[in-house]
Amino acid sequence: MMQLASIGFLAGILIFHTLADLPSKEWGWLLLLLIPLAVGFKTLRPFFFIIIGLLYSLLIANDKIAEKISPDLETRDLLVTGMVAALPNITPERTRFLFQVVELSELSGTETNLSTESLTGHPPRQIQLSWYAGAPALVVGQQWQLVVRLKRPHGFSNPGGFDYESWLYQQDIHATGYVKNNSQTQAHNILLGVDDSFHTKLNQLRSRLSEEINSQLPENPMAGMIAALVVGDRQDIDNEQWRVLTGTGTNHLMAISGLHIGLVAGLVFLLISQVWRRLPNAALYLSAPKAAASGAVLAALGYAALAGFALPTQRALVMVSVAMLAIWLQRPMIPSQILAIALFAVLLYDPSAVINGSFWLSFGAVAIIFYTMTGRLAPSNWWWKWGRIQWMIGIGLAPILLFWFQQVPLVSPVANLIAVPLVSFITIPLSLVGGGLLMLWPDLAHWALVAAALTLETLWPLLEGLSQLDQLLWMAPQPPGWTLLPAGIGLLWLMAPRGIPARWAGGFWMLPLVFFSSPSLEQGMARFTLLDVGQGLAAVVQTANHVLIYDSGPRFSEQFDAGSAVIVPFLRHRGIALVDRIILSHNDIDHTGGFEAINRQVPVRTVTQSSNMPLVRPDAEFCTAGTEWNWDGVVFKVIHPSTDYQDERDNNMSCVVQIITQTDKLLLTGDMERPVEARLVKYFSHSDDNLRADILVVPHHGSRSSSSEQFVRAVTPKYALFSVGYRNHFGLPKGDVVERYQRAGATVLNTDTTGAITFVLGAGELVPPALYRVEGQRFWSKINH
């Protein structure tokens, strides 16, 4: 019954995390009634545990949400006192760090007469800050007073994209922001001291070990991976290395989790049990299994501490502890009982784990191993068993990977067949030995770390080669959640023991997931999506058989851009494997920043760009008015700039495009300003055509330099779309510009509040758009907007 109770508890937590609104915590009092009922009525226990899981999640969520900051504080200077709580992430552009808040006040007054006013309510416990120019060398445990600007948790909201807001919610981060470090505030950014708690000393040790590993392996490309394996510090693993690891399904090796914690615990268990049996009289005080179990838990705890008790390590630690507790209590348990108790314990500790794909991959992998490798008659050959495990995990995790990431590396079983034993039994032990000796015997530590890096250098060419096999990367649109249920049934049937009749029939249950595809478009129709890329612009237009990307969004740093973070995941989510044309409207980084990532990761047939920017690809074409093409009954017209037009302002060289179906018209304007607007209005006033559009992507994000009265009247859009960043420092869109469109009868939509906006054109009457943030609303983001 424990198994059913855990499944019921999980189901209740899952149901709760689909809610758009957070119910009152007063409902939690029902737990006092339900828990005795669950104990007393065994037959109804799974049902009661569904409700218990829902109500328990409600109590935890209310506690998490209670410490949000007030919306009216988002534009103000705040004085915060607290402590650097985790290893800072350092890039050339900024230092990002987790800050544990002690006190938060509002900073007000003049440059020479500053005062603080205490804020009422609960201050956020943890905030994530970025310190840009002039950031000092931050160290875990430092206590600071800082002048900051904060905002409520907010991230991009797009189909297929990373849900940053849910990640912040799970991590208990209640606000994000940056340190103000200018001439007016610099005197208030003060280092107050250094905390000396155990937590601080532990993280300082992790920081020193990470630095020492990098100093022992100078210029070694594998140094970042060794640091990741020893202390969980992954910031020095570069983007190309992550691409190879992800493309081969071996990225899990760089996250200290169940495999790593279980390996260390298992090795320590075997070592202690062998030594204990050889110690005279040791068994009189404690049996060898109990001594080994105790040592295994301590080893797992130590490794989890080195990893900073990250969420995956916490889950692994719980699973190891449950298994070792069964040995200590001398209570034989079947694998499903161990898994059920571990599942219940993990969810009790952190119900929000269910909104993270790694939770499902971790428990899914263990469940598959238990199901396919226990109680089976099989050859005793070790390699046969190991190969079978990798094959079963590869098949069994495919639905989870497809649902969460829209891709399944088919080379994963081959890559893991070699990489997992090499990394587990050679690289990790050498890395841990090297890390452990750094402070005691640096010379010996150096050679251990060099040997660990050498194992990865030996493995790397194989992984690179496998990652190049693009045809073995299965990419598909995200299947609906209901397809996972028949897929799970099919997997249980397919992987059942020999003797179960017609195991091949399990494959039929997989068909809804395998053959799911996005709704197709008919001839003459187009699907237009204005993506949420922050302060920038990126849009995707699909016809029945073609795809256009208009602008590629901003690049925020060398490591982060809208192409890799938003556009490519969106294409995967929609099952788009080929882009027919990219138009880069003009030479601004908030419109072109994601191009390189898209061009690198997705085949692009044609690139059209503004003539006032360097060629982004040797075969790129310049955008010229008069260019026209027809895709599947949908007409695309470039209406600016003409060949004789030149302007020193990049904005006015924007490539302006009309997209026309039989019933609807869309106008994409880039950042064109009033001189171009006037030119277009004049041209179309003497033309048989006109500027009218049902949907307008408003020029220059709603700046006053654009959207003149004359232009707005000429277009008279039904929908005026503003692509803007949340709380952007330009203050866009400007209020008077928004009012101008509203007076013209337009429905105004902003991407920072709606998320991605999707219209279907050419289907007859233009229906209201799908607003991704609104339709996918969850209580943690509902609170924040």
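This is a predicted model: local features need pLDDT of at least 70, side-chain atom pairs count only at pLDDT 80 or more; totals for chains, interfaces and linings use all residues.
The peptide bond leading from Leu732 into Pro733 is cis, and its omega is near 0 degrees. A cis bond is also found between His640 and Pro641, where omega is about 5 degrees, and Pro641 likewise belongs to a loop, in this case the one between β18 (634-640) and β19 (656-660). As background to both sites, most peptide bonds are trans.

## Two aspartates with positive phi

Most residues other than glycine have a negative phi. Asp551, which is placed in strand β13 (residues 547-552), has a positive phi near 65 degrees although it is not a glycine. Is Asp551 buried or exposed? Its relative accessibility is 0%, and because burial means a value under 20%, Asp551 counts as buried.

Asp632 is not a glycine either, and its phi is positive at about 55 degrees. This aspartate is located in the loop between β17 (628-631) and β18, and with a relative accessible area of 10% it is buried.

## The surroundings of Gln126

Gln126 lies in strand β5, which covers residues 126-131. When neighbours within four places in sequence are set aside, the residues in contact with Gln126 are Leu98 and Phe99, together with Gln171, Asp172, Ile173, His174 and Ala175. For Asp172 there is a further detail, in that a polar atom of the Gln126 side chain lies 3.2 Å from the backbone oxygen of Asp172.

In soluble globular proteins, nonpolar side chains tend to be buried together. The largest nonpolar core of this model has 53 residues, and the members that touch the most others are Ile213, Met225, Ile226 and Ile261. Several helices each supply at least two residues of this core, among them α5 (198-216), α6 (223-231), α8 (258-278) and α16 (412-437), while α17 provides the largest share, with 9 residues.

Which residues are in contact with Met225, leaving aside its neighbours within four places in sequence? They are Ile237, Gln241, Leu245, Met254, Leu456 and Trp460. Apart from the core to which Met225 belongs, there is a second, separate core of 32 residues, whose members include Leu55, Tyr56, Ile355 and Phe363.

Definitions and conventions: Residues are numbered from 1 along each chain as its sequence is written. Side-chain values use heavy atoms; hydrogens and water are left out. Helices (H or I, at least four residues) and strands (E, at least two) are DSSP runs, numbered from the N terminus. A polar contact is a pair of N or O atoms within 3.5 Å; within protein, one must be able to donate a hydrogen and the other to accept it, and residues adjacent in sequence count only if both atoms are side-chain atoms. Contact means heavy atoms within 4.5 Å. Buried means under 20% relative accessible area, exposed over 50%, partly exposed in between (1.4 Å probe, protein chains only). A nonpolar core is a set of buried Ala, Val, Leu, Ile, Met, Phe, Trp, Tyr and Cys residues joined through side-chain atoms within 4.5 Å.
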